[in-house]
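Please examine the sequence and the coordinates below before reading the report that accompanies them.

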Amino acid sequence: MKRNARKGFTLIEVLLVVMILAMLAAVAVPRLMQAGDRAKIGVAKTTVGRSGPVATALNMFKLDVGRYPTTEEGLGALVSKPTTLEGNQADNWNKYIDDAESLKDPWGNAYGYRFPGEVNADGYDLWSNGPDGQAGTADDIRNWQSDQG
């Protein structure tokens, strides 16, 4: 008589498959996590860039009002009319960004803004403190170039 064909897997075979899957996961998961971080950095670079949505809104503000928002008015001047505007400036103001949440970087922190700029003397300084949320570190994302990047 023929012997019945073996059915199922041995414990060694199952453990071997589990180990292979664990090794693949150990390589793939960190790469997927880095892809998310790279995407957030890309969004922040686009936002603070000279042709990004905030830059476009700031330029529209300047065209309508005749100047960029002051440091004190901040980026909030793009969402709600500053009380410092008078006469034609106030009449020409429009809502340039729909909500204040759009003025936060991908890590949930407010973008930094300064006008007149300390670095961009003829314009404004716009930046994100990057993934670590700390100002002055290597991961800061800015609309100007410096020795730090």
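The report takes up the strands, the aromatic rings, the salt bridges and a surface patch in turn.

The model is a predicted one, and its strands include an open sheet of three, arranged in the order β1-β2-β3 with antiparallel pairing. Strands β1 and β3, the latter spanning 141-142, stand at the edges with a single partner strand each, so one side of each is left without a neighbour in the sheet.

Strands β1 and β2 pair in the antiparallel sense over three bridges, and within this part of the sheet Gly-112 stands opposite Trp-127, which belongs to β2.

## The loop between β1 and β2

Between β1 (112-114) and β2 (125-128) runs a loop that contains Pro-116. The peptide bond leading from Phe-115 into Pro-116 is cis, its omega being near 0°.

Phe-115 is found in this loop as well, and Phe-115 counts as partly exposed because its relative accessibility is 21%, whereas a residue would have to fall under 20% to be called buried.

## Aromatic pairs

How many aromatic pairs does the structure hold? The count is six, and one of them joins Tyr-68 to Phe-115 in an edge-to-face arrangement, with 5.4 Å from centre to centre and 65° between the planes. This pair links distant parts of the chain, since Tyr-68 lies in the loop between α2 (53-65) and α3 (87-92) while Phe-115 lies in the loop between β1 and β2, 47 residues apart. Tyr-68 counts as buried because its relative accessibility is 9%.

A pair is also formed by Trp-93 and Tyr-96, whose ring centres are 5.9 Å apart and whose planes stand at 90°, so this pair is edge-to-face; Trp-93 and Tyr-96 are both buried. Returning to Tyr-68 and Phe-115, these two residues form one aromatic cluster together with Tyr-113 and Tyr-124.

## Salt bridges

The count of salt bridges comes to four. Among them is the contact of Glu-73 with Arg-67, in which the closest N and O atoms are 2.9 Å apart; Glu-73 is buried, because its relative accessible area is 15%. Glu-101 forms a salt bridge with Lys-104, with 3.5 Å between the closest N and O atoms. Of these two residues, Glu-101 counts as exposed because its relative accessibility is 54%, and Lys-104 is partly exposed, its relative accessible area being 35%.

Arg-114 forms a salt bridge with Glu-118, the distance between the closest N and O atoms being 3.9 Å, and a value of this kind has to lie within 4 Å for the contact to be counted. Arg-114 and Glu-118 are linked with Asp-125 in a network of salt bridges, and Glu-118 counts as exposed because its relative accessibility is 64%.

## A nonpolar patch on the surface

Which residues form the nonpolar patch on the surface? They are Leu-16, Val-17, Ile-20, Leu-21, Met-23 and Leu-24, which together have about 600 Å² of accessible area. One of these residues, Met-23, lies in helix α1, which covers residues 11-48. Met-23 counts as exposed because its relative accessibility is 55%, the cut-off for that class being over 50%.

Definitions and conventions:
Residues are numbered from 1 along each chain as its sequence is written. This is a predicted model: local features need pLDDT of at least 70, side-chain atom pairs count only at pLDDT 80 or more; totals for chains, interfaces and linings use all residues. Side-chain values use heavy atoms; hydrogens and water are left out. Patches are made of residues with over 30% relative accessible area and no salt bridge: like charges are joined within 9 Å, nonpolar side chains (Val, Leu, Ile, Met, Phe, Trp, Tyr) within 5 Å. Accessible areas come from the Shrake-Rupley method with a 1.4 Å probe; for residues, only the protein chains shown count as cover. A salt bridge is a side-chain nitrogen of Lys or Arg within 4 Å of a carboxyl oxygen of Asp or Glu. Helices (H or I, at least four residues) and strands (E, at least two) are DSSP runs, numbered from the N terminus. Buried means under 20% relative accessible area, exposed over 50%, partly exposed in between (1.4 Å probe, protein chains only). Two strands pair if DSSP finds at least two bridges between them. Rings of Phe, Tyr and Trp (its six-membered ring) pair if their centres lie within 6.5 Å; planes under 30 degrees apart count as stacked, over 60 as edge-to-face and the rest as tilted.
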